[in-house]
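Hi everyone, thanks for coming. Let me put the model on the screen, and then we can walk through it together.

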Amino acid sequence: MEATALFIGIFVAIILSFFPLILSRKRWRAAHDREHARRIADARMNAKLLRLNI
């Protein structure tokens with residue numbers, strides 16, 4: 001019985017320790033998506049400038 005309680009306690013501690021990592025991954029993904037959109041917009045602007053020969 002004590003081993004089960006110990007196992008459950010350790011298991012819950014491990015799960016709770018990974019919770020912030022999951023949240024930070026979402027933040028990292030959002031920042032990555034914003035950076036990707038900025039690079040795409042930059043490439044489009046460069047293409048327009050090349051077409052205008054500026």
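How many positive and negative side chains does the protein chain have, and how far apart do the centres of the two sets lie? There are 10 positive and 4 negative ones, with the centres of the two sets 12 Å apart. Here Lys and Arg are the positives and Asp and Glu the negatives, leaving out His and the chain ends, and each charge is placed at NZ of Lys, CZ of Arg, CG of Asp or CD of Glu.

A word on the ground rules. This is a predicted model, where local features need pLDDT of at least 70 and side-chain atom pairs pLDDT 80 or more, while totals for chains, interfaces and linings use all residues. Residues are numbered from 1 along each chain as its sequence is written, and side-chain values use heavy atoms, without hydrogens or water.

Now the fold. Helix H1 covers residues 2-52. Asn53 follows H1 and has a positive phi, near 60°. The C-alpha trace spans about 80 × 10 × 5 Å along its principal axes.

What about burial? Buried residues, meaning under 20% relative accessible area with a 1.4 Å probe and protein chains only, make up 0% of the 54 residues.

Finally, the aromatics. There is one aromatic pair, by a rule that asks for ring centres within 6.5 Å and calls planes under 30 degrees apart stacked, over 60 edge-to-face and the rest tilted. Phe7 and Phe11 have ring centres 6.3 Å apart and planes at 20°, so they are stacked. They sit four residues apart in H1, about one helical turn.

Definitions and conventions:
Buried < 20%, exposed > 50% of the residue type's maximum accessible area, 1.4 Å probe, protein only. Phe/Tyr/Trp six-rings, centres within 6.5 Å; stacked < 30°, edge-to-face > 60°. Helix = DSSP H or I, 4+ residues; strand = E, 2+ residues; numbered from the N terminus.
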